[in-house]
Amino acid sequence: MLVDEFLPTYDFSDTIETAVAADRARTWRALTEADLIEVGRSRPLVGLLGGMRILPELVWQRLHGEHVPAAPDRLTLRDTTELSMRDGGWVLLGERLEEELALGLVGKFWRPVIEYAEVEATAFKDFDEPGFAKTVYALGTRALDDRRTLLWATMRTATTDEHARMWFRRYWTFGVGYGAHVLVHGLLDCVREQAERDASAAGG
């Protein structure tokens, strides 16, 4: 798995799985074509939690007279890799068709305005600068049979030293871990619903 390749050892982890009454191809298509903006609209708590991630950065930009980019009309998982990290973007670590998509970030996530490290996919695994946390979000599918698929998501975070580990533990424990779980659960639920609608419309 890509998540094992890029972050084989880690300090924090969360995995969510759901069974989908649709074949693997339809489930993968629903996952990669899911509109994250629409997910936020249809799941208000998801939208609120997602907005909270970039709100401090937007306030900082306004206070310092920087241009605040307009929100996109549509945003898929792959689209997030085209955004800057400050605007909610991720680094595409790797993709295996109909199997797994892995996104990564390196930063000091516990700060009110997150300090990111610009790390390319090729340098992600070996990055060890003190004071940072490395996070991988991997999402994927696994066929259960011809008409059922396991849809899953795993979040892993590794810290580069004890100081970062202490701060990230506080950050994760005081609600952020729960919020991240809610965000991903909401996405997977929307993906499941779309894949099952597509399967029903196709007659199986």
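Modeller: A residue counts as buried under 20% relative accessible area, exposed over 50%, and partly exposed in between (1.4 Å probe, protein chains only). Phe168, with a relative accessible area of 2%, is therefore buried. This is a predicted model, where local features need pLDDT of at least 70 and side-chain atom pairs count only at pLDDT 80 or more, while totals for chains, interfaces and linings use all residues. Residues are numbered from 1 along each chain as its sequence is written, and side-chain values use heavy atoms, leaving out hydrogens and water.

Colleague: Thanks! What share of the residues of the protein chain counts as buried?

Modeller: Of its 204 residues, 44% do.

Colleague: Now to the inside. Which residues have the most contacts inside the largest nonpolar core?

Modeller: In soluble globular proteins, nonpolar side chains tend to be buried together. A nonpolar core is a set of buried Ala, Val, Leu, Ile, Met, Phe, Trp, Tyr and Cys residues joined through side-chain atoms within 4.5 Å. The largest one here has 54 residues, and Leu93, Phe124 and Val136 have the most contacts inside it. Helix H6, residues 162-201, gives this core its largest share, eleven residues.

Colleague: What does Val136 touch, beyond its neighbours within four places in sequence?

Modeller: Contact means heavy atoms within 4.5 Å. Val136 is in contact with Val3, Phe6, Leu7, Leu93, Leu103, Gly104, Phe124, Thr154, Met155 and Arg156.

Colleague: Where does Val191 lie, and is it buried or exposed?

Modeller: Val191 lies in helix H6 and is buried, because its relative accessibility is 1%. Setting aside residues up to four places away in sequence, Val191 touches Thr27, Ala30, Leu31, Ala34 and Leu151. Look at Val39 too: from C-alpha to C-alpha, Val191 and Val39 are 9.1 Å apart in space, although 152 residues separate them in sequence.

Colleague: How many aromatic pairs does the structure hold?

Modeller: Rings of Phe, Tyr and Trp (its six-membered ring) pair if their centres lie within 6.5 Å; planes under 30 degrees apart are stacked, over 60 edge-to-face, and the rest tilted. There are eight such pairs. In one of them, Phe12 and Phe168 have ring centres 4.9 Å apart and planes at 55°, so the pair is tilted. That pair links distant parts of the chain, with Phe12 in strand S1 (residues 12-20) and Phe168 in helix H6, 156 residues apart.

Colleague: Why do the rings of Phe168 and Tyr171 count as tilted?

Modeller: Their planes are at 50°, with the centres 5.4 Å apart, so this pair is tilted. Both residues lie in helix H6, three residues apart, about one turn of the helix. Tyr171 is partly exposed because its relative accessibility is 25%. Ring pairs join Phe12, Phe109, Tyr116, Phe168, Tyr171 and Trp172 into a cluster.

Colleague: Which residue has its charged end over the ring of Trp167?

Modeller: A charge sits over a ring if NZ of Lys or CZ of Arg is within 6 Å of the ring centre and within 35 degrees of the ring normal. For Trp167 the answer is Arg170, whose charged end sits 5.1 Å from the ring centre. Also have a look at Lys134, which lies over the face of Phe124, 5.6 Å from the ring centre.

Technical notes
Helices (H or I, at least four residues) and strands (E, at least two) are DSSP runs, numbered from the N terminus.
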